[in-house]
Amino acid sequence: MGPYDSAISTGSTTSSPSSAAKPSEIDGLLAGAGYKVRSTELHQVAQRLERLETVMVNAPSEISQLASDVLHCNPSDIASWVDSMLFEFNPPVSIPSDLSDFSDLTYIDSVVSPAINQTVCNNSWVEHHTPQQQQQELTHQLTVVTAMEEDSGIRLVHMMMTCAESVQRGDLPMAGSLIEEMQALLTRVNTGCGIGKVARYFIDALNRRVFTPQAPCATGWSNENEILYHHFYEACPYLKFAHFTANQAILEAFDGHDCVHVVDFNLMHGLQWPALIQALALRPGGPPLLRLTGIGPPSPDGRDSLREIGLRLAELARSVNVRFAFRGVAASRLEDVKPWMLQVSPKEAVAINSIMQLHRLLGSGPTRVSAIETVLGWIRSLNPKIVTVVEQEANHNQSEFLDRFTEALYYYSTMFDSLEACSLQPEKAVAEIYIQKEICNVLCCEGSARVERHEPLAKWRNRLGAAGFRPLNLGSNAFKQASMLLTLFSAEGYCVEEHDGCLTLGWHSRPLIAASAWQPLLDTVINHNNLL
Amino acid sequence: MAGSNEVNLSESKRVVPLNTWILISNFKLAYNLLRRPDGTFNRHLAEFLDRKVPANANPVEGVFSFDVIIDRSTSLLSRIYRPATGEEALPSIMELEKPVTGDIVPVILFFHGGSFAHSSANSAIYDTLCRRLVGICKAVVVSVNYRRAPESPYPCAYDDGWAALKWVNSRPWLKSEEDSKVHIYMVGDSSGGNIVHNVALKAVESGIEVLGNILLNPMFGGQERTESEKRLDGKYFVTIQDRDWYWRAFLPEGEDRDHAACNPFGPNGKSLVGMKFPKSLVVVAGLDLVQDWQLAYVEGLKKAGQEVKHLYLDKATIGFYLLPNNDHFYTVMDEISDFMLKMISWERLAMETNAKIGLF
């Protein structure tokens, strides 16, 4: 069989070997190029492209300016992209260009103009994935491999993989002796950076798993975790990107609403919210009444730390004339929160904000009802305008230890590599501890103790789709501002990418964190889909 | 002019399959939005619109890929594509750079197109093309993510190509077993083809052996307006105006299109007479408006005594090699495969001869 499709025709072909194209199938060749067009719609899409060209020919000098100002959505869906362009260019009116000059953009003062034409792409067709596409979506993504000059580095990796394999087989004596050998080898390797540093942390994790399996590492939320989180926030742009992107989407979803309510699944120090409060303050027409419900762990020492954060945010809101109310909900685990605790009023526009929290719900005992399904269920029942979800873009929830180990090695190598670019101390050093704790949890813990159950965006898409949510597109505005944020504040090497309505931030072409936005489907639509 | 536009649109639709037409028209219109009249480029929107795919260490249809940094100072990345041997389900981090097996293993240094301004090594269309090349040529493919105009004009793309060539040439794991050398071929389309030529020049000067150059619709030009440019302007997705814009974006300030980078056999070109230049395969699409310059390139090579095979595809437009739904695609893939096989046979013969006369 040749390496390319065997079907030769002057018409369109799908990549599946079966001959007849079903009405709902997307053109396989265009899919391979990253575009989704239904086979039955090729002619219509071609016509629209022709129309767009004619329109563009009539307004030649303004096009590029118009293009900068327009909100673009999901370029994979050619039909709706062309339609949105047609809408913008015809009739040719000048669009307010307050988005065009970013020379004095600072993070806190970012002014986000709500999108007037937020085009959400209609994904109601049934997507027919070829096995190849499914595999590509669920397979490993690789980190960037730097040329490994050191032989010792290569030996370490080899030994770590062998050790992980022994652990999986249950051969602890072998694993133990390998760990001792590796620790000896570590003394001859530069563990301050590169493969040596990564190896140090992974060997440490293996060490804990093999020798102290009962209490490998501290888990769960705590005061210390907040400090680590804050340093991770400062040292690299992943969390800033998460907050920034989610805020942008929330702001757009709140457009036109006077009473808005944000539910934050993990308040921490409330770092995300000053920017949103300021953006709402500057909203044309005036700010809405903003309620913020922050969920977080109970404070160990009797302080009400949630309330303290709430008070600080309230002060900020007062200083910019935003009517603001805060409520803290203390819970050790997200699945312990009940929707009535959030006191959502039917008159308000609700935004649910989950920054790296949903994956914690994926562990489940044999008799427990799935926590993730429960939580997604009550999120739906609150009928939010938007659910912003940011998750690590990694496959760290596989049951086989060796698979998890391999994935984690790739993922965290890339993350450590990106951290090399940071020069802030002690932020960088403490950020490493934050990452180390995550690694420990992924590799050393099992059952309910293992909360870092990261899954890739493709899996979250399926999960959220099955739970009755549809994706909202994070458009070109968010993309452009995220890119600009990176060039202003971060080292070269970070990259923002758009994938089918979602944004990812990565290091050297490996996405590490993915942001997406969702909205519950109406029940009638779900029933219809279930019948198909 | 509106009348002739309508004629143009239906003309191009007649010569390519519908999905190809949609793909290339979509690019064309999107690219129109990105080029600003003042010569600047809307890079943010370009990156947003570009469909990208990640590398994939899991073999898909017999090919796996991974990214490497070749030069940290310029963030020069390349994506490496290798055939899966079938043994390992998921290559571990060591297997990625496992030595190639085979007495002669061709390594293709690939430069994607995009008129020096568009696309990346991880653009979906080029990821797909490189994967195909692995199967067709039984080669390892290294796709270079070179810096682009207008932010990084001449000679950045050439410098990056040269850096990548040196890197490939010095990888122990890419050496063929027969002679412990890396067997390098360079392949590029559009601007990538232009880069292939210019990197080959550097290779010849520096003594790195490149065994073959394969140029698909290479991007060349000149000050003069040629007959094909005038005849085909705007008819098949490409206009003289957009070609001019890209040359202005790439060439140094103040230079015109007779600069050697654009017009290698023009008034400022360098003579290749007597040089040990790689054997070349140049593919020209009959509906590409810059074909006169591509033909001039072929003539230039011939006049300098260099070996070149010229493949002219009558009714092909730009980008015909992106989707496997037309005869030209298969013709070209067969030609590339033949070219490589022939080269490998010559290499084997040369090695045997050298061995016989004790030169090995």
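Chain A exposes about 22200 Å², of which carbon and sulfur atoms supply 53%, accessible areas being taken from the Shrake-Rupley method with a 1.4 Å probe and, for residues, with only the protein chains shown counting as cover. This is a predicted model, in which local features need pLDDT of at least 70 and side-chain atom pairs count only at pLDDT 80 or more, while totals for chains, interfaces and linings use all residues. Residues are numbered from 1 along each chain as its sequence is written, chains are lettered from A and ligands numbered from 1 in the order in which they are written, and side-chain values use heavy atoms, with hydrogens and water left out.

Chain A contains 18 helices and nine strands, these being DSSP runs numbered from the N terminus (helices H or I, at least four residues; strands E, at least two). Of its 532 residues, 57% are buried, where buried means under 20% relative accessible area, exposed over 50% and partly exposed in between (1.4 Å probe, protein chains only). Among the contacts in chain A with a separation of 6 or more, 77% are between residues 24 or more positions apart, a contact being heavy atoms within 4.5 Å.

In soluble globular proteins, nonpolar side chains tend to be buried together. Here the largest nonpolar core has 249 residues, and those that touch the most other members are F202(A), Y238(A), F405(A), L443(A) and I22(B); such a core is a set of buried Ala, Val, Leu, Ile, Met, Phe, Trp, Tyr and Cys residues joined through side-chain atoms within 4.5 Å. The element that gives the most to this core is α2(B), with 11 residues. Apart from neighbours within four places in sequence, F405(A) is in contact with M160(A), M161(A), A164(A), F202(A), L206(A) and L443(A). A second, separate core of 26 residues includes I295(A), V337(A), V375(A) and W460(A).

The helix α2(B) also supplies the largest share of the lining of the largest cavity, five residues. That cavity has a volume of about 490 Å³, and of the 30 residues that line it, Y31(B), S115(B), S190(B), R243(B) and I318(B) are the closest to its centre. A cavity is a set of points, on a 1 Å grid over the protein atoms alone, where a 1.4 Å probe fits but cannot get out, and lining residues have an atom within 4 Å of a point; grid points are joined across faces, edges and corners, and the volume is the space filled by probe spheres set on the points.

Technical notes
On a 1 Å grid over the protein atoms alone, a cavity is a set of points where a 1.4 Å probe fits but cannot get out, and a pocket is an open set with protein on both sides within 12 Å along at least five of seven lines; lining residues have an atom within 4 Å of a point.
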